Amino acid sequence: MFAQTAKFFGEVRTELAKATWPWDTKERTLAKRYKELIDSTAVVVIGILILSAFIAFWDFILVTVVGWLTR
């Protein structure tokens, strides 16, 4: 059982070494080190805000139309 666990963690370490991480460990300052991570997060947040505004707009329109039709 311990051999299987050790083998599993060894494989996990190998796979994690192959991964690309969204930060640069060579940079000193936090802003430069996490630039890709911050940029990606900003894109996701902006996308969520745009999508939520789109859904809210159509929800308002449909509620108004259904309310008008059921009066």
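Mentor: A residue is called buried under 20% relative accessible area, exposed over 50%, and partly exposed in between, with a 1.4 Å probe and protein chains only. By that rule E15, with a relative accessible area of 48%, is partly exposed. This is a predicted model, in which local features need pLDDT of at least 70 and side-chain atom pairs count only at pLDDT 80 or more, whereas totals for chains, interfaces and linings use all residues. Residues are numbered from 1 along each chain as its sequence is written, and side-chain values use heavy atoms, leaving out hydrogens and water.

Let us begin with the whole protein. Its secondary structure comes to 3 helices and 0 strands (DSSP runs of H or I with at least four residues for helices, of E with at least two for strands, numbered from the N terminus). Read from the N terminus on, the elements follow the order α-α-α. The radius of gyration, taken over C-alpha atoms, is 24 Å, well over the 11 Å that the globule rule (2.2 Å times the number of residues to the power 0.38) gives for 71 residues, so the protein is more spread out than a compact globule. The C-alpha trace spans about 70 × 40 × 15 Å along its principal axes.

Of the 71 residues in the protein, 0% are buried. The accessible surface comes to about 6900 Å² (by the Shrake-Rupley method with a 1.4 Å probe), and 71% of this surface belongs to carbon and sulfur atoms.

One part of the surface is a nonpolar patch formed by F8, F9, V12, L16, W21, W23 and L37, which together have about 670 Å² of accessible area. For a patch, residues need over 30% relative accessible area and no salt bridge; like charges are joined within 9 Å, and nonpolar side chains (Val, Leu, Ile, Met, Phe, Trp, Tyr) within 5 Å. Helix 1, residues 2-18, supplies 4 residues, the largest share of this patch.

W23, one of the patch members, lies in the loop between helix 1 and helix 2, the latter being residues 30-33. At 35% relative accessibility, W23 counts as partly exposed. In sequence W23 and I38 are 15 residues apart, and in space their C-alpha atoms are 9.3 Å apart. V65 is found in helix 3, residues 35-69, and counts as partly exposed because its relative accessible area is 39%.

Side chains of opposite charge can pair when their charged atoms come close. The structure holds 2 salt bridges, a salt bridge being a side-chain nitrogen of Lys or Arg within 4 Å of a carboxyl oxygen of Asp or Glu.

One of them joins K18 to E15, with the closest N and O atoms 3.3 Å apart. These two residues are 3 residues apart in helix 1, so about one helical turn separates K18 from E15. K18 is exposed, its relative accessible area being 61%, while E15, at 48%, is partly exposed.

Another joins K35 to D39, whose closest N and O atoms are 3.0 Å apart.
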